[in-house]
Amino acid sequence: MCNVQSKISVICGPTSSGKTSFALKQIGDRKAVLITVDSRHLYQGLPITSGWDLDPNKKNIEYVGFGHFKSDEKANAVDYAKYVREIIDDNYDKKDIYLVGGSGFYIQAIIHPEKIDLAPANPELRKKFELLPIDELKEELKKTSPDVFNSLNNSDQNNPRRLIRRLEILSHPSPLYKGGSRGVFSHPPPFPYPLQITRLPVPADHHDLIKQRIEKRLSTGSLDEVKELLKEYPGQALPIYSTIGVKQIIMFINGQITKEKMVSLWLTDELSYVRRQLTWFK
């Protein structure tokens with residue numbers, strides 16, 4: 001075993017800000033592990049559409065996490081964080097380690113696990129709340145816990161999925177909330193290693209860069225990927241179908257929109273995602 005202590009770097013920032021290329025330049029020819037912390041990369045089946053911008057010629061790099069979950073599974077940040085911590089422990093004395101991506105929640109689950117709620121899912125409760133309009137969800141959370149509702153930013157207060165998750169957490173004795181029992185859910189130990197964190201800014205030509213990436217993905221196989229996904233899982237109820245771009249591609253495949261409209265709608269969703277990323281990183 002090499003006795004040289006490796007450096008752990010976190011390269012984060014909004015989509016299409018050059019995180020992977022920045023990491024590859026930093027790594028150079030050194031042996032390294034590049035771990036994705038982008039939730040869109042975790043599913044098998046959509047490497048092109050979700051943007052696995054990997055360099056297969058870099059034999060010195062071990063890529064980790066890409067396609068970690070099967071297409072019909074639901075990605076879980078806590079489970080993934082535990083897996084990543086094991087990879088880090090195994091490689092810390094051997095290689096440089098890079099955590100690269102734009103999913104702030106997944107980064108937090110790895111390096112600040114104490115801040116992540118571990119309340120299990122409640123399918124029956126979710127099914128009930130998913131039938132409610134956004135205004136009723138907001139009122140339900142206000143009634144259940146005004147403090148939790150007021151702690152949310154404007155984006156989260158108007159996000160049905162996040163409101164439902166807060167209500168779900170409050171239905172359990174979660175360790176994050178007053179009155180909860182810390183003996184019910186156990187967090188992993190604090191992150192034990194020093195980190196170097198680099199957050200890349202929004203590029204000046206961000207709009208054009210994102211559009212170019214969308215067009216490149218369409219020209220290199222995104223349509224075929226989604227067609228294969230539809231063949232294997234036609235129900236479209238799986239979480240993988242929430243991958244940005246998939247909904248627009250399906251509409252195009254079904255003849256509901258033109259290619260130009262597909263690109264436009266996809267671009268709009270990407271830009272909305274960027275705004276959510278920036279809000280998180282603030």
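Student: Which residues does Gln 157 touch, not counting residues up to four places away in sequence?

Tutor: Ile 134, Lys 138, Phe 149, Asn 150, Leu 152 and Leu 163, where contact means heavy atoms within 4.5 Å. Before we go on: this is a predicted model, where local features need pLDDT of at least 70, side-chain atom pairs count only at pLDDT 80 or more, and totals for chains, interfaces and linings use all residues. Residues are numbered from 1 along each chain as its sequence is written, and side-chain values use heavy atoms, with hydrogens and water left out.

Student: Why does Gln 157 count as buried?

Tutor: Buried means under 20% relative accessible area, exposed over 50% and partly exposed in between, with a 1.4 Å probe and protein chains only. Gln 157 has 16% relative accessibility, so it counts as buried. The residue lies in helix α7 (residues 154-157); helices are DSSP runs of H or I with at least four residues, strands are runs of E with at least two, and both are numbered from the N terminus.

Student: And what makes Leu 42 buried?

Tutor: Its relative accessible area is 0%, so Leu 42 is buried. Leu 42 sits in the loop between β2 and β3 (61-64). Leaving aside neighbours within four places in sequence, its contacts include Gly 65, His 68, Phe 69 and Tyr 106. Leu 42 and Gly 65 are 23 residues apart in sequence, yet 6.1 Å apart in space, C-alpha to C-alpha.

Student: Why is α10 called roughly perpendicular to α11?

Tutor: Two packed helices are described by the angle between their axes and the distance between the axes. The axes of α10 (residues 222-232) and α11 (residues 246-253) come within 10 Å and cross at roughly 85 degrees. That makes α10 roughly perpendicular to α11, given that 65 to 115 degrees counts as roughly perpendicular, under 35 as roughly parallel, over 145 as roughly antiparallel and the rest as oblique. Axes are lines fitted to C-alpha atoms, for helices over the stretch in contact, and angles run from 0 to 180 degrees between N-to-C directions.

Student: Which residues of α10 and α11 meet?

Tutor: Ser 222, Leu 223, Val 226, Lys 227 and Leu 230 in α10 meet Val 246, Ile 249, Ile 250, Phe 252 and Ile 253 in α11.

Student: What about Ser 16: buried or exposed?

Tutor: Buried, because its relative accessibility is 9%. Ser 16 is in the loop between β1 (8-12) and α1, and has a positive phi of about 60 degrees although it is not a glycine.

Student: Which residues line the second largest cavity?

Tutor: Thr 15, Ser 16, Ile 210, Arg 213, Ile 214, Arg 217 and Glu 270. On a 1 Å grid over the protein atoms alone, a cavity is a set of points where a 1.4 Å probe fits but cannot get out, and lining residues have an atom within 4 Å of a point. The volume here is about 30 Å³, and α9 gives the largest share of the lining, four residues.

Note on methods:
1 Å grid on protein atoms, 1.4 Å probe; cavity = no way out; pocket = protein on both sides within 12 Å on 5 of 7 lines; lining within 4 Å. Points joined across faces, edges and corners; volume = space filled by probe spheres on them.
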